[in-house]
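Please examine the sequence and the model shown below.

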Amino acid sequence: MAAVQHLAVLGRDVAAAALAQPPSQWCQAFFLGAAAGIAALNALPASLRGLVIDYGARAGTTTARLRSGWTARMVGAATRAGQIPHSWFCHFYMLSVAASAFWAWQFLGRGGVMRALATRQGGDAVSGDDAEAVNRALGRVFAAWLMMALQGARRLYESLLVMRTGSGSTMWFVHWVMGLAFYAVMSIGVWIEGSGAVLDAILAAWATQDPSRILSSRVPAALAVYFWAWVKQNECHAHLASLKKYTLPTAGLFRFLVCPHYTCECLIYLTIAFVAAPTGRWFSGPVICGLVFVAANLGTTAIGTRRWYAEKFGAEAVASRWTMIPLVF
């Protein structure tokens, strides 16, 4: 009984300590925890790993190669019972766009949810007496929000009107839940470390904001890289959508990379992390941790895609291509 009571007290202390952390730390903990979970799944035996990670065409290959054994049968039964349509990927981008719109509404309407999170963040406030510093910080927050909103809107357009998903293609519902959680948390992560400027703007008169100073020096260069990756990812998705079913992509960046659309995704979040960084730092903590999760998640999928291409089209078909990151991976 004493041991149970000790564990209960320890649990309360851990929960209290976690709740005492600022929202930016909550975001970082979620992203890093999710990335660690992906790393743990990759440590599973190949047959089990494929059951919980692979989806779409790769899932069929995994199921066909599944070895007998009670563990594999149990995991296989669990994942088969939790299959949902692959087309539900569009829900991620619906949520992303809705979340961007919600935080814009909160900011413009001086909403209580944004104000509460900004107040809870604390410690990062920009002095209201330094109007130029406030405007620079607010400009970075606005730019990061805009970049996230544009990415969500374009991906929603692509998922609804460009990409083709087979009617029988499915994914495990856990992928869907994690995707929704990622976009919900990222919608907060892009602005939370700039909450001091956000709170100043919410509490101050709009007349104190000077539009001529709203873009800091780092924003234009980052936007140039962002839009290059943004356009190239769209080109990759359009090329994939134009292919006949189960055809090896070869145009554009696919000549050099197995999954260049994943490369562009990582570059997009890297530029957002750079823009959203508080004064004196290179990157935003929550967004860069989100990038760690994105890289772990997409890297795992890229490895599976490379393996699937090699099995279907021959290893030589992808031998000269980097998997996802040029010169590294």
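This is a predicted model: local features need pLDDT of at least 70, side-chain atom pairs count only at pLDDT 80 or more; totals for chains, interfaces and linings use all residues.

Residues are numbered from 1 along each chain as its sequence is written, and side-chain values use heavy atoms, with hydrogens and water left out.

The mean pLDDT (the predictor's confidence in each residue, from 0 to 100) of the protein chain is 82, and 74% of the residues score at least 70. Among the helices (DSSP runs of H or I, at least four residues, numbered from the N terminus), H12 (residues 260-275) has the highest confidence, at 97, whereas H4 (residues 57-65) has the lowest, at a mean of 51. The pLDDT is below 50 over residues 62-66, a stretch with eight contacts (heavy atoms within 4.5 Å) beyond near neighbours in sequence. Residues 124-128 also stay under 50, and the model has 13 contacts for them beyond four places in sequence.

Two packed helices are described by the angle between their axes and the distance between the axes. Here the axes are lines fitted to C-alpha atoms over the stretch in contact, and angles run from 0 to 180 degrees between N-to-C directions.

| Helix pair | Axis distance | Angle |
|---|---|---|
| H9 (residues 173-192) and H13 (residues 285-313) | within 8 Å | roughly 155 degrees |
| H2 (residues 23-42) and H7 (residues 112-121) | 7 Å | about 90 degrees |

From H9, Met178, Phe182, Met186, Gly189, Val190 and Ile192 meet Pro286, Val287, Gly290, Phe293 and Val294 of H13. By class, this contact has nine nonpolar residues, two polar and no charged ones; Ala, Val, Leu, Ile, Met, Phe, Trp, Tyr, Cys and Pro count as nonpolar, Asp, Glu, Lys and Arg as charged, and the others, Gly among them, as polar.

H2 and H7 are roughly perpendicular to each other (65 to 115 degrees). Pro23, Ser24 and Trp26 of H2 form the contact with Leu117, Arg120 and Gln121 of H7. Three of these residues are nonpolar, two polar and one charged.

An unreviewed UniProt entry places the feature "transmembrane region" at residues 30-48, 169-192, 212-231, 252-276 and 282-303; such annotations may be inferred rather than shown by experiment. In the model, residues 169-192 are 83% helix and 12% strand, with end C-alpha atoms 37 Å apart. Residues 252-276 are 64% helix and 0% strand, and their end C-alpha atoms lie 30 Å apart.

Methods. Helices (H or I, at least four residues) and strands (E, at least two) are DSSP runs, numbered from the N terminus. Angles under 35 degrees count as roughly parallel, over 145 as roughly antiparallel, 65 to 115 as roughly perpendicular and the rest as oblique.
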